[in-house]
Amino acid sequence: MSEYHVDAGLLSVTNASIVSGPMRREEDLMESCESALKVLLGEFVQLPTVVKKGKFDGAITLVQLPQPVMQLPREKAPPKPKPLTAWQKFALKKGIDIHRKKENKVFDEERQVWKDKWGKRAREDRDKYDWLREVKPSYVPQEEGGDPFLDERREKKERLDKQKKKEEHNKRRAELISQSQDEVKHLQSVSRNLTTASNGKFEKNTKFKKNTKKMHK
């Protein structure tokens, strides 16, 4: 008597009956497979169905499979833990919480509101409400009756322009280096092909002369 274990979620059926006696013939194995398949298809009769429109044909009836009962093993080994970085090792040694996020909010006592300490909104808020600026004793205005705010904007623009020129210079320099490397590679390939003035035409004749000398000896 066959005993089947069915897992419709994995579309699998297992014959748990004990096989005894001589080795079963191929016909017996095919008969067992057919009966097991009938048992599996019989499980689909009680499952819910969904009707969907096919791409080329008409409506298609699909069976909703249940959750699998059997847990299959992993296909690949579990991922290995990543090694700690130098900062993570230092934080672990000093007891620093590396997962704590830095707070970007600060309370403005004068306006009684929370505002950002950095970012786009912080810059917009500073440009809008920062009307008073402390000037250092070493401050020298760029023009008569200098404006510290205007001087700061000018310095920032100069830094950005300088950085942009530096980036363009580095880009052109990298392009020139790449072109020179390509030219060197081309010259090396040409020199390999032109190792001799004859371009290898008389190499066979020289070998033949060497062989003839040996034969005369």
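These entries follow the salt bridges and the accessibility of the residues that form them.

Entry 1. I am working from a predicted model, and my count of salt bridges in it comes to seven. I keep in mind that side chains of opposite charge can pair when their charged atoms come close.

Entry 2. I looked up Lys115 and found that it forms a salt bridge with Asp108, with 3.6 Å between the closest N and O atoms. Lys115 has 27% relative accessibility and counts as partly exposed, whereas Asp108, at 13%, counts as buried.

Entry 3. I then turned to Asp125, which forms a salt bridge with Arg111, the closest N and O atoms being 2.9 Å apart. Asp125 lies in helix H3 (residues 120–129) and Arg111 in the loop between strand S5 (105–108) and strand S6 (113–116), so this pair ties together parts that are 14 residues apart in sequence. Asp125 counts as buried because its relative accessibility is 17%, under the 20% cut-off, while Arg111, at 30%, counts as partly exposed.

Entry 4. Which residue does Asp116 form a salt bridge with? I find that the partner is Arg121, and that the closest N and O atoms of the two are 3.1 Å apart. Asp116 counts as buried at 12% relative accessibility, whereas Arg121 counts as exposed at 58%.

Entry 5. Finally, I noted that salt bridges with shared partners join Asp108, Arg111, Lys115 and Asp125 into one network.

Note on methods
Residues are numbered from 1 along each chain as its sequence is written. This is a predicted model: local features need pLDDT of at least 70, side-chain atom pairs count only at pLDDT 80 or more; totals for chains, interfaces and linings use all residues. Side-chain values use heavy atoms; hydrogens and water are left out. A salt bridge is a side-chain nitrogen of Lys or Arg within 4 Å of a carboxyl oxygen of Asp or Glu. Buried means under 20% relative accessible area, exposed over 50%, partly exposed in between (1.4 Å probe, protein chains only). Helices (H or I, at least four residues) and strands (E, at least two) are DSSP runs, numbered from the N terminus.
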